Amino acid sequence: MVVREIIPGIDSVGVIDWHRMAFDNLMDLPDGTTYNAYVVRGSEKTALIDTVEAEFDEEYVTNLIRAKIDSVDYIVANHAEQDHSGSLPLLLELFPMAKVVTTEKGKELLCSLVLIEEGRILTVEENDSLSLGDKTLVFYPMPWVHWPETMVTWVPEDRILFSCDLFGSHLATSDVFSDGSCRLHEAAKRYFAVIMQPFRGKIRTYLDAVDDLSPAIIAPSHGPVYCDPAEILTLYRDWSSEEGKNLVVIPFVSMHNSTTWMVERLVDALIDRGIQVRPYDLGNASPGMIAMDLIDATTIVIGTPTVHFGPHPKAAHIAFLTNILKPKARYAAVIGSYGWGGKTVQALGEMMPKLSAEMLSPVYIKGKPQEEDLVAIINLADEIYKRHQDNHLV
Ligand SMILES: Cc1cc2nc3c(=O)[nH]c(=O)nc-3n(C[C@H](O)[C@H](O)[C@H](O)COP(=O)(O)O)c2cc1C
């Protein structure tokens, strides 16, 4: 529990969740997370920006007491997801005059997800503003970062942007401000990979809007605050672009090593051809790491044996994840081994209808790979090399 000043009149009053291991049961969290919330004190009125997970209610309220907040006029809900709206019911009890400020869609979601009474909600649209006296809150809906109701809040007098999940990172740290470290950038990338990647087209548009505002500070709802917004804006420009890198990601699973031997041969052949390669054994790989590489990969190769006539469930899981993340990869292939028959290659293709990648010829072999099978793997490496060359990546 700790209150930190961001700038005079604006404090960080959120909480640090040091030990959380997973988020949304979708993403592994190696570094915990934070639920950021802020207080903006104007000369006449006070606003809170976002709240925290309900299980951290007590810490949040303690922070408000430490920050000497005895009245609240507005509680801005930039995003209705429970990690930011969970404390709203308690806060509305504690501050009976406070209004929740959100978009029309946010109102609908808050009423159903955290059971807020409609009468306590004030809805806002693009460019609407609320005066706090010497500070103003201006609202910009930015749907689909990463839910339909999301918005950001801007304080023009201080040029600070409360960007909610946009620019967030799951990183529990005692630093309230970015330290510019690789660790933070990796946490932000992991966050983008799993939460923002499918919406990168919209995000490119929103990056232009943020550039137009030219913020001095970006204060997201997870992870550190950026006093040099170019740091995170530059990373977001790269991650949200449609330009893949000279990278092949190979998530694979094997029961008796035939698929593993094929993957090993492919890895060596790609390295020989000057292509960066990341194999992930799905027996113990982190889905977050794979998702991060999907941001950059130009080619995805899934390796799997046939199990009960289809792909191994671990390969099916990664195909499903790939499909929902809609990565920018231009090429995909399936390699692996079967015993007597099945529809593994076709089934995997059908699991990824949202992947707009050209499917390269599979190398799907019976039993243990023989020399001619390994030659087919070399041919696949050549195919990938040619495609990467066509894209001026090698
Ligand atoms: C539980 C189980 C189910 C299997 N089901 C099939 C199947 O439906 N069709 C098939 O062709 N092979 C099936 N196989 C055989 C494997 O696909 C085959 O042994 C393959 O070579 C294993 O590749 P790996 O060494 O990479 O695990 C099955 C094997 C196991 C262990």
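**Note on the helix packing, ligand shell and local backbone**

1. Helices α9 and α10 cross in a right-handed sense, and this, like everything below, is read from a predicted model. The two helices, of which α10 covers residues 313-325, pack at an angle of about 45 degrees, with 11 Å between their axes. That angle makes α9 oblique to α10.

2. Helix α9 itself, which runs over residues 287-296, is mostly covered, since nine of its 10 residues are buried. The buried positions in α9 are Pro287, Gly288, Ile290, Ala291, Met292, Asp293, Leu294, Ile295 and Asp296.

3. For the protein as a whole, 12 helices and 24 strands are assigned, and the C-alpha trace spans about 80 × 40 × 35 Å along its principal axes. Of the 394 residues in the protein, 52% are buried.

4. An unreviewed UniProt entry places the feature "domain: Flavodoxin-like" at residues 248-385.

5. The ligand is surrounded by 18 residues, and the closest of them are Met255, His256, Thr259, Pro305 and Gly339. At least two residues of the shell come from each of α8 (258-272), β20 (306-307) and β22 (331-338). What is the make-up of the shell around the ligand by class? The shell has six nonpolar and 12 polar residues, and no charged ones.

6. Helix α8, which contributes to the ligand shell, also packs against helix α12 (residues 371-390), at an angle of about 40 degrees and with 9 Å between the axes. α8 and α12 are therefore oblique to each other, and their crossing is right-handed.

7. Asparagine 257 is found in the loop between β17 (245-252) and α8, and its backbone deserves a look, for this residue has a positive phi of about 80 degrees although it is not a glycine. Is asparagine 257 buried, exposed or partly exposed? With 14 other C-beta atoms within 10 Å, asparagine 257 is partly exposed.

8. Serine 214 is likewise a residue other than glycine with a positive phi, here of about 55 degrees, and it lies in the loop between α6 and β16 (217-220). Because serine 214 has 9 other C-beta atoms within 10 Å, it counts as exposed, the cut-off for that class being 12 or fewer.

9. Helix α6 (residues 200-213) also contains arginine 200. Which distance separates arginine 200 from serine 240 in space? Their C-alpha atoms are 4.8 Å apart, although arginine 200 and serine 240 are 40 residues apart in sequence.

10. One further point for checking concerns the peptide bond from valine 145 to histidine 146, which is cis in the model, with omega near 15 degrees. Histidine 146 lies in the loop between β13 (136-141) and β14 (151-155).

Methods. Residues are numbered from 1 along each chain as its sequence is written. This is a predicted model: local features need pLDDT of at least 70, side-chain atom pairs count only at pLDDT 80 or more; totals for chains, interfaces and linings use all residues. A residue is buried if 20 or more other C-beta atoms lie within 10 Å of its own, exposed if 12 or fewer, and partly exposed in between; C-beta atoms are placed from the backbone. Helices (H or I, at least four residues) and strands (E, at least two) are DSSP runs, numbered from the N terminus. UniProt positions are given in the numbering used here, feature names are shortened, and annotations may be inferred rather than shown by experiment. A residue is near a molecule or strand if its C-beta atom, placed from the backbone, lies within 6 Å of it. Ala, Val, Leu, Ile, Met, Phe, Trp, Tyr, Cys and Pro count as nonpolar, Asp, Glu, Lys and Arg as charged, and the others, Gly among them, as polar. Axes are lines fitted to C-alpha atoms, for helices over the stretch in contact, and angles run from 0 to 180 degrees between N-to-C directions. Angles under 35 degrees count as roughly parallel, over 145 as roughly antiparallel, 65 to 115 as roughly perpendicular and the rest as oblique. A crossing is left-handed if the near helix is turned anticlockwise from the far one by less than a right angle, and right-handed if clockwise.
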